[in-house]
Amino acid sequence: MKEWQQPKTILIPLDFSEASSAALDYAVPFAETLRAKMVLLYVVATPLVPLELYGLTPDYETLVNTATKNLQNIAKQHCNDAEQVIVDVRKGTVDEQILEAAEQHGCDMIVMSTHGHRGNPIPKW
């Protein structure tokens, strides 16, 4: 069995919900205690079918800029050492972007929330 190693970089995906705020409230003191870098991530989700096919033109640049400002404000409000925080906003599918960000930033831990939603339950016979 591999010995536990203290994380050096923690990825914290956020979606600006109450649930992700709760994960942030847990992750920040944890990271600060360990003196780990934090990566605050927001993903501007792109639909599976391009909206342009329906004559819609999403303003992704504005969404990315707004999310970046929001994450920067969160970092200032919640994190004592701004130099230990990286703000990352990406566009794409959420699950893929979380994994890519973790790899690109060399994250050895991800702290994220769940909304508690479940898929359709399998019926019991």
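Trainee: Which exposed residues does the face of α3 turned away from its buried side carry?

Mentor: That face carries D95, L99, E103 and Q104. Remember that this is a predicted model; to be called exposed, a residue needs over 50% relative accessible area.

Trainee: And which residues of α3 are buried?

Mentor: In α3, which spans residues 94-104, the buried ones are Q97, I98, A101 and A102.

Trainee: How do you know that the buried residues of α3 line one face of the helix?

Mentor: Look down the axis of α3: the buried residues fall within an arc of 135°, so they line one face.

Trainee: What do the buried residues of α3 pack against?

Mentor: They pack against four strands: β1 (9-13), β2 (37-45), β3 (85-92) and β4 (109-110). After α3 comes G106, with a positive phi near 65°.

Trainee: Why is S17 counted as buried?

Mentor: Buried means under 20% relative accessible area. S17 has 19% relative accessibility, so S17 counts as buried. You will find S17 in the loop between β1 and α1 (18-34).

Trainee: What makes the pair S17 and D15 a polar contact?

Mentor: The cut-off for such a pair of N or O atoms is within 3.5 Å, and the side chains of S17 and D15 are joined at 2.5 Å.

Trainee: Which element has the lowest mean pLDDT, and which the highest?

Mentor: The lowest is α1, with a mean of 93, and the highest is β1, with 97. The chain averages 88, and 90% of the residues score at least 70.

Definitions and conventions:
Residues are numbered from 1 along each chain as its sequence is written. This is a predicted model: local features need pLDDT of at least 70, side-chain atom pairs count only at pLDDT 80 or more; totals for chains, interfaces and linings use all residues. Side-chain values use heavy atoms; hydrogens and water are left out. Buried means under 20% relative accessible area, exposed over 50%, partly exposed in between (1.4 Å probe, protein chains only). Helices (H or I, at least four residues) and strands (E, at least two) are DSSP runs, numbered from the N terminus. The arc is that of the directions from the helix axis to the C-beta atoms. Contact means heavy atoms within 4.5 Å. A polar contact is a pair of N or O atoms within 3.5 Å; within protein, one must be able to donate a hydrogen and the other to accept it, and residues adjacent in sequence count only if both atoms are side-chain atoms. pLDDT is the predictor's confidence in each residue, from 0 to 100.
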